Amino acid sequence: MTRPKVAFFDFTCCEGCQLQVANMGEALVDVLNLIEVVEFREAMSEKYDGELDLAIIEGSITTPHDVERIKKIRARSKAVLAYGSCATIGGVNGMKNAFDLNDIRKYVYGKDYEKFDTQETRAVHQVIKVDYFVNGCPVYIPEFVTVLKAVLAGLPYAVPDHAACLECKLNENVCMYDKGIGCLGPVTKAGCNSWCINNGNICYGCRGMVTNPAVNGARDVLTKYNIPMDMIVNKMNMYNKCREIDQNAKR
Amino acid sequence: MRNVKVNVEYLTRVEGHGNIVVNVKDGKLETCELRIVESPRFFEGMLRGRSIFEAQHITSRICGICACGHSLASIQAAEDAIGFTPSLQTIKLRKFLLHMENLDSHVLHIYLLVAPDLLGVKSFVPLIGSHEQVVRRALRMKKTCNDICDILVGRHVHPISSIVGGFTKLPKEKDIDAMLDHLYKMRADMNETVALAATLKFPQFERDTEYVGLVSDDAEYPMLSGDIGSTDGVRLKKVDYKKATNEFIVPHSSAKHSKLGRGSFMVGALARFNLNSAKLHPKAKEIAAAIGLKPKCTNPYLNTAAQLVESVHSLEDSISILEDLKRTGVNYHEEIIVGLNEKGTIPVKAGNGVGAVEVPRGILYHNYEVDDKGIIVNANCIIPTGQNLNNIEQDMKKLVPEILDRTDEEITLALEMLVRAYDPCISCSAHFLDVKFVNR
């Protein structure tokens, strides 16, 4: 059997999701026996410009150069996998979209701001067609392995589209709301095994919002615990500001 | 007369995007630049309007490799701004977390990013065939650090439970035993690593420069606290960090450059070693002596050797911290509940705070100005790779004329290895790297 040709590409991001691959430990050796990694800039000097079976894209699209590059990658890839919050939902880079682009450029770079090219942050599917999504900041390795198996078998992968609360309950965590604290679990896609809440923090919505949130239920919870809606929206915009681009496209 | 054109687009085996451009015309060096082409990310701008209690969550996303370091610098700046003093137990656990990050990052750099050059291959992947046990050891050591971070803070990439005020989850007795067990087992792999490193031949090159790092009058090797010091005798309080960095913009880089007493300076493992080697753990000192590393070392390629020495220090000091914690026991009353800041549990006041922390690549500064509600009004982050960029270019300018008798390929590799030795983290700098040879 010939091993499928896989490449990793990084766009605007912290590269933490690629690092999660290296963090698999010795299990990585087994994964590398199943696929042929032909390009992975962070870990390899090899470069490849032929056709790919799978392009794994990390990072969001924030410059005209990014747009050109991602379109070329799409054109030579049989399947594209958006990998991590920056690629799947725009992630923390999307917070930039709340500011005027010239203002934020001036704030960081001063009078020479025009030298630093940038545009509205977009998730990968907002620029090219995406076949597989692995959400999360960072990605949850057990889910990545599941998706990789689906890709190798030529099967689709459906991102879990129920609230993170379901996994959180199964993990027997005390609900953050019962501690009087606002948490994004009720409106956020599951699939990470309620990673942050298991460690005493709240859900920050890094996997994106469920397609059909229980809006009334969430509103009732906020009312019951006297937590202001704008605080929740503000927290949601930490990862999910690029959602507005999808919403505008639908209108 | 010789013409040389180097044009390395997207330097590999570094974190983030950079190019090297070198142009030698008629034997004269005309261009010698490290171009940072990472997309700007605007973290400082995006932090405005965010709560001081959210800052570490956001700023750890500046970098996946040094996420723990960013979160620790961020927390320190936030606590400084609102006037919160962490407990001794919290400081102890933060020092341990910083050790795990340095150890993890140094192991990744030594084995997966640098060793392939020294063994004459393009990446660690072919090493799986030729040196399988070495690759397995590297991945195993990395995983040990990751497994420990999983226990301590939920994960290494973007830690979960370390926040302003302390930890949302404190390790149970069995957790301390599990972490200690991991570290005791790692000693055997560390010994093998030291033995391997002793066989590696690093390139010869010397350029004396100013070395900058945290310094203190304590007996401890300073990582989490201290003043800013240099081998040229500079000593500044962390609040005066701008006097130590003097950032300026150059047209060929989306990362800002820095200078201090001389035209440029170096931060990172070699700088720390040059400043503070006397304070290393005795075992780390032994290793330094065994591989012949002594201060003041002016060969930047030996930054990797300094990382090895620091790895031994981090492993042994971590064991000491945990053994100490096991003896004294953990005070679980200090466990803090996230989000209670929204209810005013930790008092907030307007202020300006600075965090200065030694992360794997050098001093990392975070500075936040907050209003009386704890909302960030201004933010500034100065990352170590940014501080090193100018020094890397000065090294390249001295190195190129010394190696003009070599082939284009050899010159390119020497330059790539030089840049890699600094272990640059370009995602961080994105405020970073391109090699272009023009006209040979």
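Author: A residue counts as buried under 20% relative accessible area, exposed over 50%, and partly exposed in between (1.4 Å probe, protein chains only). This is a predicted model, in which local features need pLDDT of at least 70 and side-chain atom pairs count only at pLDDT 80 or more, while totals for chains, interfaces and linings use all residues; side-chain values use heavy atoms, without hydrogens and water. Residues are numbered from 1 along each chain as its sequence is written, with chains lettered from A and ligands numbered from 1 in the order in which they are written.

A salt bridge is a side-chain nitrogen of Lys or Arg within 4 Å of a carboxyl oxygen of Asp or Glu. By this rule the count over all chains is 38.

Start with helix α6 of chain B, residues 132–153 (helices are DSSP runs of H or I, at least four residues, and strands runs of E, at least two, numbered from the N terminus). Here B:Glu132 bridges to B:Arg136 at 2.7 Å between the closest N and O atoms; the two are 4 residues apart, about one turn of the helix. B:Glu132 is partly exposed at 32%, whereas B:Arg136 is buried at 17%. B:Lys143 and B:Asp147 form a salt bridge at 3.2 Å, and they too are 4 residues apart in α6 of chain B. B:Lys143 is partly exposed at 30% and B:Asp147 buried at 19%.

B:Asp177 and B:Lys326 meet at 2.6 Å, N to O. This pair links distant parts of the chain, helix α7 (residues 173–199) and helix α11 (residues 303–328) of chain B, 149 residues apart. Both partners are partly exposed: B:Asp177 at 33%, B:Lys326 at 44%.

Finally, B:Asp208, B:Asp232, B:Arg262 and B:Lys296 are joined in a salt-bridge network.
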